[in-house]
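Thank you all for coming; I would like to take you through a few side chains and how they are placed. Please have the sequence and the model in view as I speak.

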Amino acid sequence: QVQLVESGGGLVQAGGSLRLSCTASGRTSHSRAMGWFRQAPGKEREFVSSIDWSGGIKSYADTVKGRFTISRDSAENTVHLQMNSLEPEDTAVYLCAASRTIAPMPMPRGGSDFGAWGQGTQVTVSS
């Protein structure tokens, strides 16, 4: 079973940056794709970004492409989400997730592709 712990959320002004981290534990966690989702009040959970087990394949939602960068530190079993040029519309609870299967292909982007979830970290962007 995979356990995930997120950190790095907070309050930032529009145009600012934040870096989220998600540390995974569990016997097969290093072999799973990892993803970030977000959920704003009154809205459905949406895909943000995902990365494969090797860190070589990445996927982004169109809304964050060019502003957010996902990366993976295999030694620390940690995934980071660097968020630049933040906008008020990025305000949400950000959730880290691990794929249901080991080394899934194609890259997972749907919530149902992920079987383990973190508790979430709040990101608030003020205008």
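I will begin with aromatic rings, then move to a glutamate and end with an arginine.

Before that, please keep in mind that this is a predicted model, in which local features need pLDDT of at least 70 and side-chain atom pairs count only at pLDDT 80 or more, while totals for chains, interfaces and linings use all residues. Residues are numbered from 1 along each chain as its sequence is written, and side-chain values use heavy atoms, with hydrogens and water left out.

A search of the whole structure finds 4 aromatic pairs, where rings of Phe, Tyr and Trp (its six-membered ring) pair if their centres lie within 6.5 Å, and planes under 30 degrees apart count as stacked, over 60 as edge-to-face and the rest as tilted. For F37 and F47 the ring centres are 5.7 Å apart and the planes stand at 75°, so this pair is edge-to-face. F37 belongs to strand β4 (residues 32-39) and F47 to strand β5 (residues 46-51), so the pair ties together parts that are 10 residues apart in sequence; strands here are DSSP runs (E, at least two residues), numbered from the N terminus. F37 and F47 are both buried, that is, under 20% relative accessible area with a 1.4 Å probe and protein chains only, where exposed means over 50% and partly exposed lies in between. Ring pairs also link F37, F47, F114 and W117 into a cluster.

Turning to E46, this residue is found in strand β5, and its relative accessibility of 32% makes it count as partly exposed. Not counting residues up to four places away in sequence, E46 touches F37 and R38, contact meaning heavy atoms within 4.5 Å. The side chains of E46 and R38 make a polar contact at 2.6 Å, a term for a pair of N or O atoms within 3.5 Å, of which, within protein, one must be able to donate a hydrogen and the other to accept it, and residues adjacent in sequence count only if both atoms are side-chain atoms.

Definitions and conventions. Helices (H or I, at least four residues) and strands (E, at least two) are DSSP runs, numbered from the N terminus.
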